[in-house]
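Please walk through this model with the sequence at hand.

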Amino acid sequence: QCRRLQSLSQTPLLSTMAMACFVALCVLLPLSLAVTPEELESFLFSPSGLDMSRSDAHSLAEKQAPILTQSMVTITDLKNLQEVLYAPRYLDFSRSELQAQLLPLAEQHLSPADLKDMYPVLYDSLDLPKTTAKSTALQLVRNKAEPAQIKALYELLKVMSSVSMQLAKTLAIELGAAGCDPVALKNSYQASRDLTSASKSAVRANLNGEVKHYAKDGKVYTASEFQSFYGENWLLEWVAAPPEKKVADDGKEYAAGEFRAYYASSWEQKWHASQTATQMRLAEDGKAYSVSEFVEYYKDDWQGKWAQAPVLPCKECRAKEQIVV
């Protein structure tokens with residue numbers, strides 16, 4: 001994959017910085033994970049890819065190939081995500097939507113499998129309009145929301161006498177994005193008949209209270225601590241805050257819900273014993289920063305910038321994946 005570096009380095013349009021970055025990455029990464037500008041250009045130009053003009057494909061490939069490589073995104077990953085985004089039975093993106101959004105969504109590590117599971121819940125079960133289901137599915141997958149949980153929340157909320165059908169849809173999405181235990185919500189509501197209080201309790205109970213998010217100060221807190229500190233705004237702040245992740249036995253980083261899916265009944269014991277992942281993302285200056293460094297660089301805007309930035313392997317993950325060639 002990296003054998004054409006010498007010829008590429010002689011191409012005037014390739015910036016010195018991009019080439020230096022690409023050379024370093026090819027040394028450190030397995031060959032199968034390196035995306036060359038030539039390969040990316042071919043995909044972007046191909047009618048079965050993004051069907052861009054040759055000049056646009058060339059320009060975008062020059063810029064994005066090093067970023068995709070740092071983000072551990074391969075051409076195969078792009079094709080798999082493209083299939084879900086473009087398929088009429090799923091998100092049904094137009095060609096222009098696909099051209100604009102495929103690479104950024106891939107760099108944010110949106111899972112095609114998760115999108116396949118999430119979209120039908122929103123479009124079929126909640127009966128959302130197609131455009132709303134599309135945008136909501138993307139955001140919920142970013143939030144690591146669970147489709148089964150959202151469906152269960154909707155089924156519970158829509159039969160409550162105090163909740164309209166439209167409100168049930170809205171609350172199912174909002175609480176699903178936060179992570180809300182449907183059983184805990186049902187039990188708490190039956191005891192109190194106070195949906196606001198029951199919702200707060202059910203979010204605290206989700207995943208046995210193990211979930212923590214990074215607040216504006218760059219430190220992790222539980223849902224209970226968010227509720228105490230932010231008051232009425234706690235739900236918006238909680239959803240906007242990135243979740244804590246830990247490193248599993250496969251050397252990859254996972255949020256608490258993903259740990260449960262990975263380890264099944266032993267997940268909580270594994271979660272307690274595992275190392276916290278130092279999450280990394282690529283800032284607008286082209287440098288890799290951790291959460292604390294994003295806080296320092298972007299100040300109060302860091303969470304929004306973090307949500308849109310390319311995902312990089314965590315520091316602990318990177319150490320396990322690097323291969324010197």
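Two strands pair if DSSP finds at least two bridges between them. Helices (H or I, at least four residues) and strands (E, at least two) are DSSP runs, numbered from the N terminus. This is a predicted model, in which local features need pLDDT of at least 70, side-chain atom pairs count only at pLDDT 80 or more, and totals for chains, interfaces and linings use all residues. Residues are numbered from 1 along each chain as its sequence is written, and side-chain values use heavy atoms, with hydrogens and water left out.

Start with the sheet. Strand S5 covers residues 280-282 and is joined to S6 by three bridges. The two run antiparallel. Met280 stands opposite Ser290 in S6. What is the order of the strands in the open sheet? It is S6-S5-S7, three strands with antiparallel pairing. Strand S6 (288-290) and strand S7 (311-312) are the edge strands, and each pairs on one side only.

Now the sulfur atoms. A disulfide is a pair of cysteine sulfur atoms within 2.5 Å. A search of the whole structure finds one. Its partners are Cys314 and Cys317, with sulfur atoms 2.2 Å apart. The link of Cys314 and Cys317 is right-handed, with 90° about the S-S bond.

Are these cysteines buried or exposed? Buried means under 20% relative accessible area, exposed means over 50%, and partly exposed lies in between (1.4 Å probe, protein chains only). Both Cys314 and Cys317 are buried. Cys180 also counts as buried, because its relative accessibility is 0%. Asp117 sits in helix H7 (residues 112-125). Its relative accessible area is 47%, so Asp117 is partly exposed. Tyr90 is 27 residues from Asp117 along the chain, and their C-alpha atoms are separated by 9.5 Å.

Turn to the rings. A pair of aromatic rings is described by the distance of the centres and the angle of the planes. Rings of Phe, Tyr and Trp (its six-membered ring) pair if their centres lie within 6.5 Å. Planes under 30 degrees apart count as stacked, over 60 as edge-to-face and the rest as tilted. The structure holds 16 aromatic pairs. In one of them, Phe229 and Tyr230 have ring centres 5.0 Å apart and planes at 85°, so the pair is edge-to-face. Phe229 is exposed because its relative accessible area is 68%. Tyr230 is at 18%, so this residue counts as buried.

Tyr289 and Tyr297 make a tilted pair, 5.4 Å centre to centre with 35° between the planes. Tyr289 is buried at 15%, whereas Tyr297 is partly exposed at 39%.

A charge sits over a ring if NZ of Lys or CZ of Arg is within 6 Å of the ring centre and within 35 degrees of the ring normal. Arg54 lies over the face of Phe45, 3.8 Å from the ring centre. The charged end of Lys130 sits over the ring of Tyr123, 4.9 Å from its centre.

Last, confidence. pLDDT is the predictor's confidence in each residue, from 0 to 100. The protein chain has a mean pLDDT of 90, and 87% of its residues reach 70 or more. Over residues 1-28, pLDDT stays under 50. Contact means heavy atoms within 4.5 Å, and the model has 39 contacts beyond four places in sequence for residues 1-28. Residues 320-325 also have pLDDT below 50, with 16 contacts beyond near neighbours in sequence.
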